[in-house]
Amino acid sequence: MKLFKKLILALLLVAFTTTTAFGFTDVQNHWSKDTVIWGTEKEIAKGFPDGTFKPDSTVTESQFLALLLRTFMDDVKDDAVTWYQPYYDVAHANNYPVIDKYNAVILRTQVAEIVSGTQGVNLSGDNAIAYLLAKGLAKGKIADSVTLENYYGQEGLTRAEALQFIKNVVDKGITEIKERPFEPTNPADVLTPEEKIKFDEILNSSEGITDVSQLTPALVETIKVQQELQYTRRWTIPEDKYYSEHVKAIERDLKYATYEGAETVVVSKDLFYVDDDNDKRYRIIVNGNELWDVRVGHNGKTWIALPGWKVSDNFNKGE
């Protein structure tokens with residue numbers, strides 16, 4: 001019996017050291033081992049009862065918010081009924097670009113928008129990613145390859161990556177988070193000359209927005225405020241049965257509607273509006289960076305795209 005008790009104690013000791021001092025059983029050979037230990041020791045994150053951390057499991061928006069805010073705010077705790085609500089209350093109060101889908105996997109682009117927002121800047125999409133990369137708050141997934149493509153903005157965030165983002169901020173000596181401005185930030189105002197050069201180099205290496213999946217809510221809002229026109233725009237959402245026909249018409253008639261060819265065109269139902277004359281228009285993204293406003297109409301037989309105008313040569317740079 002004594003031998004059995006000693007054996008049990010020994011096994012418990014091994015289990016304890018495996019999941020605390022030396023990390024969890026599934027991070028021993030994982031790139032995030034030190035980061036996971038850091039996060040759990042600071043009680044930002046917890047492991048699972050089976051002794052694992054599940055570093056490659058994805059993180060939801062609410063989970064990332066909780067991890068981030070627990071790091072910098074001691075007075076924000078889980079709610080007894082709706083555990084995530086206090087974190088959303090803080091996010092809304094600080095104008096962080098959340099989409100209020102607590103159970104949806106958060107994408108790495110949205111993480112860049114939120115993290116940059118905690119630094120008191122309002123940037124979206126590629127600009128937010130380039131800001132983090134230029135400031136050293138993110139490095140991308142491949143060592144020594146600081147590019148937008150290597151950041152993989154359309155991938156879901158993992159548990160290990162979530163802790164690494166937060167640790168990057170802490171390692172920069174940042175001890176508090178700030179409110180995100182309502183107006184878009186000029187990167188030149190918040191970057192050093194060296195960081196601005198790096199920021200521009202990163203953006204210039206990008207193909208821009210080439211797929212509708214790259215559009216985050218914050219980026220949609222940035223695109224909407226580009227260039228004030230003579231029209232009053234009433235942003236709305238087209239019916240699904242018309243949207244697909246509108247996309248076909250724009251793609252078919254694109255050269256006529258934009259007066260030039262295009263390698264890529266992105267048409268989002270979130271960038272549809274009706275003007276004062278009740279004309280239906282889309283703000284489309286051509287060749288990754290150009291913004292065009294084009295009209296769609298019905299000729300009695302089919303939908304067609306009608307001539308529009310260029311809103312911006314490169315909306316990421318405010319041109």
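This is a predicted model: local features need pLDDT of at least 70, side-chain atom pairs count only at pLDDT 80 or more; totals for chains, interfaces and linings use all residues.
Residues are numbered from 1 along each chain as its sequence is written, and side-chain values use heavy atoms, leaving out hydrogens and water.

**Salt bridges**

Let's stay with R295 for a moment. It pairs with D279 in a salt bridge, meaning a side-chain nitrogen of Lys or Arg within 4 Å of a carboxyl oxygen of Asp or Glu. R295 sits in strand 5 (residues 290–298), while D279 is in the loop between strand 3 (272–274) and strand 4 (280–286), 16 residues apart. Helices (H or I, at least four residues) and strands (E, at least two) are DSSP runs, numbered from the N terminus. D279 has 15% relative accessibility, so D279 counts as buried. The two also belong to a salt-bridge network with D275 and R281.

Searching the whole structure turns up 17 salt bridges. Here are three of them:

| Pair | Closest N and O atoms |
|---|---|
| E161 and R108 | 3.3 Å |
| K196 and D200 | 2.9 Å |
| R295 and D279 | 3.4 Å |

E161 lies in helix 8 and R108 in helix 5, so their bridge ties together parts 53 residues apart in sequence. Both E161 and R108 are buried. K196 and D200, on the other hand, share helix 9 (residues 193–204), sitting 4 residues apart, about one turn of the helix. K196 counts as partly exposed because its relative accessibility is 22%, and D200, at 24%, counts as partly exposed too.

**Helix 8**

Helix 8 covers residues 159–171 and reaches 18 Å from first C-alpha to last, close to the 18 Å expected at 1.5 Å a residue (that is, 1.5 Å times one less than its number of residues). Of its 13 residues, 10 are buried, among them L163, F165 and I166. Helix 2 (33–41), helix 3 (61–72) and helix 5 (108–118) are among the elements covering them. Just after helix 8, G173 takes a positive phi of about 85°.

Helix 8 and helix 3 each supply at least two residues to the lining of the largest pocket, and helix 3 gives the most, with 5 residues.

Definitions and conventions: Buried means under 20% relative accessible area, exposed over 50%, partly exposed in between (1.4 Å probe, protein chains only). Contact means heavy atoms within 4.5 Å.
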